[in-house]
Amino acid sequence: GGVRMTGAEGLVWKWIGAGTSPVDWCEGNYTVTPHIAEFVNTITNIVFLVVPAASTKLWLSYARHVSRGIHIIWFFYVVIGLSSAYFHATLSLLGQLLDELSILWVLMVSYTLFTPVMYRPKFLRSNQRLYAACMVALSVLITASAFVQPAINAYALFIVGLPAVAMLVVEMRVMKDTSVVRLSKITLAALILAATCWVCDRFLCAMWQALDLTVLHGLWHVLIFITAYSMQVLFCYLHAVQDVPESRPELRYWPRRTWALPYVFCPAPTHQKTP
């Protein structure tokens, strides 16, 4: 009995034990407090918690007239923030998988709900339920594979995100609304900066340690949040314009008209008066 308990404890520790993840970022471990492994990488996740909570009211008209699924997206953003904070605070394998899988699922939910119909496979364009079922099946398959080789999960996530980037680039070429084009350019610039920070932190760590500049992954968190949030705004807008035009979507900003937090506002549809 005792041996069995030890084995069970060992199995649990393999998942939740501090430092059990094969991934360790460039930031020094436990340098600020003995309770948090990567301090900057942990606290920078606050953007995933604060902004979705603050923007929920801004999206009420979109939820009412286009898709209530937008609330699911903001819920997943909070899950990403909490999972990533847990991972960087402990560097546990469980934390890593929660972090990566929450990102995977928010991507797949967003593809399912907000990909304009014209970008879906032809045989799935007229059947939303079948399209959703295919996306769930694909998500489950990728989730299962994440447990096989956890060290390569991050690269798989980049691949999963590529279709969104490709669709945005295609749409930019035909967009006529200058404010939407501008947000698209900002989004792509943030993505390039974020990816640069991620790659530099991952592969040039010795150089950054020598320069005492090991906060690039924390900067990645902020930049990838800006990218992800802005891209979500753009795809919500495109979905509404192309597939729910009666919602009359408008790209707006809060608290200023031309900058700060972008969102999609949908005024109540105009109803024709009956004679």
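Modeller: A residue counts as buried under 20% relative accessible area, as exposed over 50% and as partly exposed in between, for a 1.4 Å probe and protein chains only. The model is predicted, so local features need pLDDT of at least 70 and side-chain atom pairs pLDDT 80 or more, whereas totals for chains, interfaces and linings use all residues. Residues are numbered from 1 along each chain as its sequence is written, and side-chain values use heavy atoms, without hydrogens and water.

Colleague: Which residues of α8 are buried?

Modeller: In α8, the buried residues are Asn 153, Ala 154, Leu 157, Val 160, Gly 161, Ala 164, Met 167, Leu 168, Glu 171 and Met 172. They pack against α6, α7 (128-146), α9 and α11, where contact requires heavy atoms within 4.5 Å.

Colleague: What are the elements of the protein chain, and how many helices and strands does it have?

Modeller: The protein chain has 11 helices and two strands. Helices are DSSP runs of H or I with at least four residues, strands are runs of E with at least two, and both are numbered from the N terminus. The C-alpha trace spans about 80 × 50 × 30 Å along its principal axes, and 46% of the 275 residues count as buried. Among contacts with a separation of 6 or more, 68% join residues 24 or more positions apart.

Colleague: Where in α8 does the kink lie?

Modeller: The kink is at Gly 161, shortly before the proline Pro 163, and amounts to about 30 degrees. The bend is the angle between axes fitted to the seven residues ending at a residue and the seven starting there.

Colleague: What makes Gly 81 buried or exposed?

Modeller: Its relative accessible area is 0%, and therefore Gly 81 is buried. This glycine lies in helix α5. Beyond its neighbours within four places in sequence, Gly 81 is in contact with Asn 45, Phe 48 and Leu 49. Gly 81 and Ile 43 are 38 residues apart in sequence, with their C-alpha atoms 9.5 Å apart in space.

Colleague: What is the class of Tyr 30, and on what relative accessible area does it rest?

Modeller: Tyr 30 is partly exposed because its relative accessible area is 37%. Tyr 30 lies in the loop between α1 (2-16) and α2 (39-43) and, although not a glycine, has a positive phi of about 55 degrees. Arg 248, in the loop between α11 and β1, is partly exposed at 37% relative accessibility. Arg 248 is not a glycine either, and its phi is positive at about 50 degrees.

Colleague: What is the omega of the peptide bond from Trp 254 to Pro 255?

Modeller: Omega is near 5 degrees, and the bond is cis. Pro 255 belongs to strand β1 (residues 250-255).
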